[in-house]
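My notes follow the structure.

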Amino acid sequence: MSQFKRTTNKIHGNGNAIGDGNSITNIKETHNHEHRQRSGDSDSPAAPCGLILIVAFGITLAMTALAYWFGKHATVVYAAELSLPFACAVTAALLMIYNAYHDDLSSAAHSGVVAIIAATLTFAVKLASASYSADWMDLADGAQSSKQFWCSLPFADQQSALQHTIQALVLLAPAAILVVVHTLAIPFSDDDLPEWLSNVFSKMTGTTSLVITGVLCVLSLIAHTESSFSMWQDKFNSDASLVCPNKKS
């Protein structure tokens with residue numbers, strides 16, 4: 001009979017075994033704990049805010065520079081935008097009469113539409129130039145920089161001057177160019193023009209282009225009404241403190 005003696009053994013290490021003929025499967029399990037600190041976590045909320053401020057400041061500077069440039073050249077810009085559609089309105093009206101006299105009713109109708117659009121644009125430019133203050137032009141001529149010009153304007157005048165600038169360059173100028181193109185295309189056929197010019201006219205004088213021209217002219221007319229100016233001041237009533245931080249209302 002075997003006798004067992006109770007002993008307590010402490011074994012250190014991996015793969016140790018006690019006894020004879022024992023088969024041991026030694027399984028090692030390793031736990032790796034990786035601790036990393038995400039870089040930029042504390043700055044991530046501030047980064048978009050900083051970018052927004054930079055973009056807003058850049059747009060504000062661009063708008064003030066554009067308003068300053070327009071103030072210095074408003075007379076020339078409005079004169080060009082007024083004379084071109086007026087000449088086109090008269091020319092298209094005469095061509096309408098000519099085509100109607102020669103029983104070319106299709107061309108006469110087209111000429112009449114162009115004449116109406118050109119007359120509408122002429123009236124819109126008259127409204128714009130009449131409502132642009134001469135004081136703004138004087139300030140622009142006397143200012144040494146766009147910031148000096150902008151900060152010399154009262155808050156309400158800043159909004160009105162900027163509105164006139166955007167409307168003159170975004171609405172009136174493209175509409176005037178399209179009106180001229182449509183008027184020039186009336187007396188000429190594709191066979192009378194060089195191939196490259198014929199291709200340009202065919203792309204710029206189609207029905208879609210004529211509709212776009214009419215829409216721009218109507219929008220220009222609406223944009224220079226008293227209700228439009230009031231709505232602009234209600235929606236965009238910023239005091240432009242980014243450019244004029246020390247200006248008081």
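I first listed the contact in this predicted model, and found that Gln163, Gln167, Leu171, Leu172, Pro174, Ala175, Leu178, Val179 and His182 of H5 meet Ser209, Leu210, Ile212, Thr213, Leu216, Cys217, Leu219, Ser220 and Ala223 of H7. Sorted by class, this contact holds twelve nonpolar and six polar residues, with no charged ones.

I then looked up the geometry: the axes of H5 (residues 155-185) and H7 (residues 207-223) come within 9 Å and cross at roughly 145°, and the crossing is left-handed.

Next I checked H5 by itself, and noted a bend of about 35° at Ala168. At 1.5 Å a residue its 31 residues should span 45 Å, and because the end C-alpha atoms of H5 are 45 Å apart, the two values agree.

Last, I looked up confidence: the protein chain averages a pLDDT of 78, with 72% of the residues scoring at least 70. The mean is lowest in helix H8 (residues 226-235), at 72, and highest in helix H3 (residues 134-142), at 93.

Terms used. Residues numbered from 1 in each chain as written. Predicted model: local features only at pLDDT ≥ 70, side-chain atom pairs only at ≥ 80, totals over all residues. Heavy atoms only, no water. Axes fitted to C-alpha atoms, helices over the stretch in contact; angles between N-to-C directions. Helix = DSSP H or I, 4+ residues; strand = E, 2+ residues; numbered from the N terminus. Left-handed = near helix turned anticlockwise from the far one by under 90°. Contact = heavy atoms within 4.5 Å. Nonpolar A, V, L, I, M, F, W, Y, C, P; charged D, E, K, R; others polar. Expected span 1.5 Å × (residues − 1). Bend = angle between axes of the 7 residues up to and from the residue. pLDDT = per-residue confidence, 0-100.
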